[in-house]
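I opened the notebook to record a few look-ups. The entries follow in the order I made them.

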Amino acid sequence: MRALLLGGAAALLIAATDAPLPPDQAAMKAHVAFLADDALKGRQAGSPEHDVAAAYVAARMQEAGLTPAGDNGTWRQTVPLVAARPLEGTASLTRAGATQPLVAGTDFVGRASLTDADRTVEGEVVFAGYGVVDPTRGVDDYRGLDVNGRIVAVLYGGPPGLNSEVAAHYGNREVKAEIAGKRGAKGIVFIESAAIRATYDFPAIVEAWSGPSMNWTRPGQPRGDGAPQLAAISEAGAAKLFARSPVAWDRVRKADAAKKPVPTGALGVTARFAQRSEIVSLTSANIVGKLEGSDPALRNEYVVLTAHLDHIGVGEPVNGDAINNGAMDNAMGIASMLEAARAFRDAGAPPKRSLLFLAVTAEEEGLIGSDYYARFPTVPKGSIVADVNLDMPIMTYKFEDIIAYGADRSSIGPVLAKVASAEGLKLSPDPAPEESNFVRTDHYSFVKQGVPSVSIDAGWSGPGKAATKDFLDKHYHQPSDDMKLPFDWASARRFAMLNYKLARQLADGPRPTWNKGDFFGSLYGGTPSQ
């Protein structure tokens, strides 16, 4: 531990002195350099190195004048975790009476269980289309289907024809599992859809599902009431599962490809899924700092700034380097949050509402740390009025616009547009809705608790699209996401100050509200629009 801290301190000193940067830019660089140092081994949640990163963030929060707002007067909110790894060669998915077996790795891939080291689930299979129940549109893919005590099969991803963020929500596996679980399903399997195949082919799904899975655990408080997620099934595997079924797979496939409603119903077959897993318990921490508001009537309301501290750790070597340093993802987001906190200190005048600065763990494992905090906050739950999330801003170019996932759903959007305009920036819509970014970053955890929320990124105008593509193609979740990237530290500082100014406006202005009739505001019972 001491060697790690000394190594990080050396990196911090070098980062602050190896280039003639202005002090504010050098501070940004110093944060990123420390967190992305090889000594921290990619800051994987639950690792000793993540604890070192957490201690660094707590120290910088204290330096910025924040007070601890974690458990029992500390900086840390302990997040109890359970992790599982599927044991190779132990997964099987069989269909009673089938002439062709489903082959692991080609026709299906199993998911490790977080509760049962040796899991077997058997039952009749019912196909429920995309598994959507949307009362706002009168859509119910389960209408007329009895799934109680059965295995539900659904298409992977979001249904066509919806707003991209609503489609991303309904495409989320946790949401699909929750809907199935509420109807008594004993398990759920996800079938490769046309849309998923176009952006995320089945070998990629196999690779992702074959790795470890993780979730938080809390006695008497399950993360969700969803049906167990058993397996993902390829198009070829689905043809075997549906063979001679009353629901013809060829009709399903063609309707899905044409973006038309798919037939649903009981398949008239019984399937048996088995998987052995290795399960371990561990802990990690969210780091929470508080800036007390100045207004006696508002100081008990909180605007939250979030950024995830973890990354994906050590993986397979690429050009001899196996450490996924996560400089952009998300040391840069943490640095932006820390510098926003310091800007409040330097401004002298505190905001009217209180602010929480929250560095969350286990984002890379499925938004686990933010979900835990949003469900079990260290302040009264109803007191959180907004979340502004900073995740992987790509700071290699002079950005001309910004993107804010969720900005068009609440009063935060117009406030952000005004703040951006004052900085000579425009607020642009999501340029890649097919990537489902709305449900892939930590603000979504707060959305699901009824809190108006946005996640902010640099936009694609001017050099932005090419720079974003270059990072995603060559460096995202790769060892090359490190300090060798061509950082634009002036832009990084500008991004941090944009978020400071937004947080200031939200803390000093009217309480953020969902837009009237907004899908997420209505679904999750958030603060009603006035």
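Between which two strands does the loop with arginine 111 lie? I found arginine 111 in the loop between strand S4 (108–110) and strand S5 (118–127). I note here that the model is predicted.

Next I looked up the accessibility of arginine 111. Its relative accessibility is 18%, and the cut-off for buried is under 20%, so I logged arginine 111 as buried.

I then listed the contacts of arginine 111, leaving aside neighbours within four places in sequence. The list holds Arg119, Arg173, Trp209, Ser213, Gln229, Leu230, Phe273 and Gln275.

I also checked one distance along this stretch. Arginine 111 and alanine 128 are 17 residues apart along the chain, and I have 20 Å between their C-alpha atoms.

I moved on to helix H15. I have H15 at residues 489–508, which makes 20 residues. From first C-alpha to last, H15 reaches 29 Å, close to the 28 Å expected at 1.5 Å a residue.

I looked at how H15 starts. A side-chain oxygen of aspartate 488 comes to within 3.3 Å of the backbone nitrogen of alanine 490.

Is H15 mostly covered or mostly open? I noted it as mostly covered, with 15 of its 20 residues buried.

Note on methods: Residues numbered from 1 in each chain as written. Predicted model: local features only at pLDDT ≥ 70, side-chain atom pairs only at ≥ 80, totals over all residues. Heavy atoms only, no water. Helix = DSSP H or I, 4+ residues; strand = E, 2+ residues; numbered from the N terminus. Expected span 1.5 Å × (residues − 1). Buried < 20%, exposed > 50% of the residue type's maximum accessible area, 1.4 Å probe, protein only. Polar contact = N/O pair within 3.5 Å; in protein donor to acceptor, adjacent residues only side chain to side chain. Contact = heavy atoms within 4.5 Å.
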